[in-house]
Amino acid sequence: MRAIDIVRALAPGARAAYVEAFDKGDNLLAQFGITTDLRLTHFLARCLAETGDFTILVESANYSAAGLAKQWDAGDGRKAFSSKADMMSYAGRGEDLFNRWYGNRMGNGPASSGDGYRYRGRGPLQTTGKDAYAAYGKRIGIDLVGNPDLLLDPRYILLPALYEWADTGCNRYADADDGLSIGRIINVGTANTTRIPNGWADQQAAIARVKRVLSGGVPAANDNTGVAAIQAALVARGYPLTVDGHMGPKTEAAVRDFQSKSGLVADGIPGPKTLAALSIGKAA
């Protein structure tokens, strides 16, 4: 199955730049060795977790005081801010927040330089910091330091993520089905840590979702037995769902309930028997 089929099945709200990049990106993924189901699963899962199912192009700086308190409690920001209250005082001041949080590291200048905000996270793995923009821009052959938003061009948007993936040996961890180490590498910088990376719960859920698509449990969005058809069939049976083509928690719970009432294995995966019970076309 192509990566774009999985993206369309799991991320119906994906931004156009991601959709175009994945639609044209089969050869590029192969170039970086993402040629097996496990490698594709873990690459897409980490990207899905980092970007809110490919809806986020640029890292949001819209933190609330409660959100900043949570980040502090998780251990983030302690080198940049003197106290939890100091960090929380930047709520609603996104540009100032990032300039201080990311200042004087990752190649960024001090807060007054504006580098922290200028080189905040972008793209599938949220490339961050002036050094990263300079390095990936050089490898791609474009000026990402002078124009950071070039990273969002569909022609380039996957490349920094793929370089990072390859440079850190993530395919090896994908081959071992070790998503936790991948999360630690991407978010902490090393697999040799006991820290639970940000977004790990989202990545775990995304891994399961991608595996379901690859196993035929959730067909691609352009299949005539797609998620929207499953939702429509469930709605016809009284389940209060929105037919949006997204296999989210509510749809999965409805599938599980339907399976239980139909004498099927209640695993929430709409496989061939479930599709048949729903009287939906051919089995996936």
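## Helix 4 and its neighbours

The axes of helix 4 (residues 37–51) and helix 10 (residues 159–167) come within 12 Å and cross at roughly 125°. That angle makes the two helices oblique, the class left over once angles under 35 degrees (roughly parallel), over 145 (roughly antiparallel) and 65 to 115 (roughly perpendicular) are taken out. This is a predicted model, so local features need pLDDT of at least 70 and side-chain atom pairs count only at pLDDT 80 or more, while totals for chains, interfaces and linings use all residues. Numbering runs from 1 along each chain as its sequence is written, and side-chain values use heavy atoms, with hydrogens and water left out.

**Helix 4 with helix 10**
- The crossing is right-handed, meaning the near helix is turned clockwise from the far one by less than a right angle.
- Arg 39, His 42, Phe 43 and Arg 46 of helix 4 touch Ala 161, Leu 162 and Trp 165 of helix 10, with contact meaning heavy atoms within 4.5 Å.
- Sorted by class, that makes four nonpolar, one polar and two charged residues (Ala, Val, Leu, Ile, Met, Phe, Trp, Tyr, Cys and Pro are nonpolar, Asp, Glu, Lys and Arg charged, and the others, Gly among them, polar).

**Helix 4 with helix 13**
- Helix 13 (residues 200–215) packs on helix 4 at an angle of about 135°, with the axes 8 Å apart.
- This pair is also right-handed, and the contact includes Leu 44 and Leu 48 from helix 4 and Ala 206 and Val 210 from helix 13.
- The contact residues come out as ten nonpolar, three polar and four charged.

**Helix 4 with helix 1**
- Helix 1 (residues 3–10) and helix 4 have axes that come within 11 Å and cross at roughly 40°, which makes helix 1 oblique to helix 4.
- Ala 3, Ile 6, Val 7 and Leu 10 of helix 1 meet Leu 40, Leu 44 and Leu 48 of helix 4.

**The largest pocket**
- About 1500 Å³ of space lies in the largest pocket.
- Its lining runs to 39 residues, with Glu 59, Asp 76, Tyr 102, Asn 187 and Asn 198 nearest the centre.
- Helix 4 turns up here too: along with helix 5 (65–73), helix 9 (130–140) and helix 12 (179–187), it supplies at least two lining residues.
- By class, the lining has 16 nonpolar, twelve polar and eleven charged residues.
- A pocket is an open set of points on a 1 Å grid over the protein atoms alone, where a 1.4 Å probe fits, with protein on both sides within 12 Å along at least five of seven lines; lining residues have an atom within 4 Å of a point.

Terms used. Axes fitted to C-alpha atoms, helices over the stretch in contact; angles between N-to-C directions. Helix = DSSP H or I, 4+ residues; strand = E, 2+ residues; numbered from the N terminus. Points joined across faces, edges and corners; volume = space filled by probe spheres on them.
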